[in-house]
Amino acid sequence: MTRPNITAKELNSKPSDSDIWLYETIIWGHGSLAARITPSGERLFYFVYMNSQKKREVHALGTYDRDGANGLLTLTEARAKATQLATLHKSGIRDIKAYFDAEEAHRKAQHDAEMARLAKEKAEA
């Protein structure tokens, strides 16, 4: 059973005394978009999925802004990010956090290697 899509009206609803959680299925069995409205009125997006050990994981996507101002996410942008992650999950990458950590480590290693190469060239000049 899929959940109905989160609406802008729901996201812009008045906060309550406790967190309000909204969910929509992105790809059945491969993740959901979640939105949390905090008592202070902050609206946050998450991608919720099951990792390779069948444990529920929550990956932060960002903060909501109706207009997407200042690097914040619109509902459409959050849905697109969640769809990308659900597609990764469907392709067989079950540990999203480990995947991003490995990608970041690879980028850092490439950067460090390039910096070392440039330092060596400068020293030889």
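Trainee: How many of the residues of strand β2 (residues 32-37) are buried?

Mentor: Bear in mind that this is a predicted model. Six of the six residues of β2 are buried, and the strand is described as mostly covered.

Trainee: Which way do the side chains of β2 point?

Mentor: In a regular strand the side chains alternate between the two faces of the sheet. Here Ser-32, Ala-34 and Arg-36 point one way, while Leu-33, Ala-35 and Ile-37 point the other way, and all of them are buried.

Trainee: Which strands are joined to β2 by bridges?

Mentor: Strand β1 (residues 20-25) runs antiparallel to β2 and is joined to it by six bridges, with Ser-32 as the bridge partner of Thr-25. Six bridges also join β2 to β3, again in an antiparallel arrangement, and there Ala-35 has Phe-45 as its bridge partner. The β2 and β3 hairpin has five residues between its strands, and Gly-41 in the turn has a positive phi of about 100°.

Trainee: What kind of aromatic pair do Phe-45 and Tyr-64 form?

Mentor: A pair of aromatic rings is described by the distance of the centres and the angle of the planes. Phe-45 and Tyr-64 form an edge-to-face pair, with 5.8 Å centre to centre and 85° between the planes. Because Phe-45 lies in β3 (residues 43-50) and Tyr-64 in the loop between β4 (56-63) and α2 (75-90), the pair ties together parts that are 19 residues apart in sequence.

Trainee: Are Phe-45 and Tyr-64 buried or exposed?

Mentor: Both Phe-45 and Tyr-64 are buried.

Note on methods:
Residues are numbered from 1 along each chain as its sequence is written. This is a predicted model: local features need pLDDT of at least 70, side-chain atom pairs count only at pLDDT 80 or more; totals for chains, interfaces and linings use all residues. Side-chain values use heavy atoms; hydrogens and water are left out. Rings of Phe, Tyr and Trp (its six-membered ring) pair if their centres lie within 6.5 Å; planes under 30 degrees apart count as stacked, over 60 as edge-to-face and the rest as tilted. Helices (H or I, at least four residues) and strands (E, at least two) are DSSP runs, numbered from the N terminus. Buried means under 20% relative accessible area, exposed over 50%, partly exposed in between (1.4 Å probe, protein chains only). Two strands pair if DSSP finds at least two bridges between them.
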